Amino acid sequence: MEECRQPSARLVVMASGNGSNLQAILDASAEGSLTDRARVVAVVSDRSDSRALARATEAGIASLHVGAEPDQDRTEYDRRLAEIVAGFEPDLVVLAGWMRILTTEFISRFADKIINLHPAKPGELAGTRAIERAWQEALAGERTETGVMVHRVPDEGVDTGPVLASETIPIELDDTLDVLTERIRRVEHRLLVDTIRALCAQPKEITA
Ligand code: GRF
């Protein structure tokens, strides 16, 4: 794994929505608590209205909207996306709320360099609305906890891949969906930053 070569790993963050996890990375970077061996060089979104793009602009970081063109299939889109991302020469590609399923066309271009954040424990609740589904299952008495994980993205599997970090999060009986979402977000922000720091601060020790 050469994802975080010296002296300063180049991070490209891909996000489709609000970008609170991107913000956690940017804040940690600005505060000096990420690691001086990593910096965000670009933020890419498939949605023009993604708040992540505005957050990047506010931080003075390159932000790009890469929208799907009419009649463009997933492979063609991913080829174009990969070209754009490759232009930033990333050491690490961070999927932080990226809502499009990536094809091999993209993944093979950045072998061993892609990580994803998912609001569930390993092996559980793959796909969209994972927090809402966990909350509904808790309401039905089927679960009392959920979690967060950061994992590598070696192939087209959705929310699968070798786990880098995970944490279990309780679901309280009186949790609203908003309360649970907020609790999960706080853990996500910390876990994602901690994982990037671990990958980039001591690259030799974490080489896969
Ligand atoms: C997070 O829950 C992340 O795990 C999931 O999408 C959400 C993105 O949140 N993949 P935000 O846009 O970073 O606020």
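How far is an oxygen atom of the ligand from a polar backbone atom of Asn18? The gap is 3.4 Å, which counts as a polar contact (a pair of N or O atoms within 3.5 Å).

## Ground rules

Bear in mind that this is a predicted model, with local features needing pLDDT of at least 70, side-chain atom pairs counting only at pLDDT 80 or more, and totals for chains, interfaces and linings using all residues. Numbering runs from 1 along each chain as its sequence is written, and side-chain values use heavy atoms, with hydrogens and water left out.

The residues around the ligand (a heavy atom within 4 Å) include Gly19, Asn21, His118 and Arg185. By class, this shell has two nonpolar, six polar and two charged residues, with Gly counted as polar. Helix H1 (20-31), strand E5 (114-118) and helix H6 (177-201) each give two or more residues to the shell.

## The pocket

So where does the ligand sit? It's in the largest pocket, a pocket being an open set of points on a 1 Å grid where a 1.4 Å probe fits, with protein on both sides within 12 Å along at least five of seven lines. The volume is about 780 Å³.

Its lining (residues with an atom within 4 Å of a point) runs to 36 residues, with Gly97, Trp98, Met99, Leu117 and Pro119 nearest the centre. H6 gives the most, with four residues, while helix H5 (130-139) is also among the elements giving two or more. The lining splits into 15 nonpolar, 13 polar and eight charged residues.

Notes: A polar contact is a pair of N or O atoms within 3.5 Å; within protein, one must be able to donate a hydrogen and the other to accept it, and residues adjacent in sequence count only if both atoms are side-chain atoms. A molecule sits in a cavity or pocket if more than half of its atoms lie within 2 Å of its grid points. Grid points are joined across faces, edges and corners, and a volume is the space filled by probe spheres set on the points.
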